[in-house]
Amino acid sequence: MATRSRIYLSLSPLEFPFCRARVRDTLPLGTGAAIPTLDRNVSSLALHREGEMLLFDCGEGTQRQMMRYGVGFSLREIFFTHYHADHILGLTGLIRTMGLQDRTDGITLYGPKPARKILDAVLNVGIERTRFPVEIV
């Protein structure tokens, strides 16, 4: 089996209108669209910006990819492009893992309408509850 290497796409320096800050690197965590393969996970992208990591979409298995590529779980913001299942199904597990790690810092989830309805439903799957503040915008 081939070893996977860290894949960084340098956007040097690209300015995103939503943050007005320089973007250093992007790390594709999943580019397999709706169907994962042995080599590609479903949709997710980590973006390193001025010392913080932002996550875009959170498909199933994203937290394993985050561990594999050293992204870590200290995210403060997750952005959702849309609500197809392959872009949101990893959120429940990621939030539960963060809670089990005794996270106390809040996290903000951003998405298009109806963000509150959809993301709140994803967060409330199962009987466990989120142990830290989650804001939905």
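In what pattern do helices and strands follow one another when the chain is read along the sequence?

## Overall layout

In this predicted model, the chain, read along the sequence, follows the pattern β-β-β-β-α-β-α-α-β-α-β, and there are four helices and seven strands in it. Of the 137 residues in the chain, 42% are buried, while the chain exposes about 8200 Å², of which carbon and sulfur atoms supply 56%. Among contacts between residues at least 6 apart in sequence, 53% join residues that are at least 24 apart.

## The nonpolar core

The largest nonpolar core has 26 residues, and those with the most contacts inside it are Ile-78, Phe-80, Leu-91 and Leu-94. Four elements each supply at least two residues of this core, namely strand β2 (22–30), helix α3 (91–100), strand β6 (107–110) and helix α4 (115–123).

Leu-94 gives a detailed view of these surroundings: leaving aside its neighbours within four places in sequence, Leu-94 is in contact with Leu-55, Cys-58, Gln-63, Met-66, Phe-73, Leu-75 and Ile-78.

## Thr-92 in helix α3

Thr-92 lies in helix α3 and, at 14% relative accessibility, counts as buried, because the cut-off for a buried residue is under 20% relative accessible area. Not counting residues up to four places away in sequence, Thr-92 touches Val-122 and Val-125. A polar atom of the Thr-92 side chain lies 2.7 Å from the backbone oxygen of Val-122.

## Two salt bridges

Side chains of opposite charge can pair when their charged atoms come close. A search of the whole structure finds two salt bridges. In one of them, Glu-52 pairs with Arg-76, and the closest N and O atoms are 2.7 Å apart. This pair links distant parts of the chain, with Glu-52 in strand β4 (residues 52–56) and Arg-76 in the loop between α1 (62–68) and β5 (77–79), 24 residues apart. Glu-52 counts as buried at 14% relative accessibility, whereas Arg-76, at 49%, counts as partly exposed.

A salt bridge also joins the side chains of Glu-128 and Arg-96, at 3.7 Å from N to O. Glu-128 lies in the loop between α4 and β7 (134–136) and Arg-96 lies in helix α3, so this pair ties together parts that are 32 residues apart in sequence. Here Glu-128 is partly exposed, with a relative accessible area of 44%, while Arg-96 is buried, with a relative accessible area of 14%.

Terms used
Residues numbered from 1 in each chain as written. Predicted model: local features only at pLDDT ≥ 70, side-chain atom pairs only at ≥ 80, totals over all residues. Heavy atoms only, no water. Core = buried A, V, L, I, M, F, W, Y, C linked by side-chain atoms within 4.5 Å. Buried < 20%, exposed > 50% of the residue type's maximum accessible area, 1.4 Å probe, protein only. Contact = heavy atoms within 4.5 Å. Polar contact = N/O pair within 3.5 Å; in protein donor to acceptor, adjacent residues only side chain to side chain. Areas by Shrake-Rupley, 256 points an atom, 1.4 Å probe, with all protein chains shown as cover. Salt bridge = Lys/Arg side-chain N within 4 Å of Asp/Glu carboxyl O.
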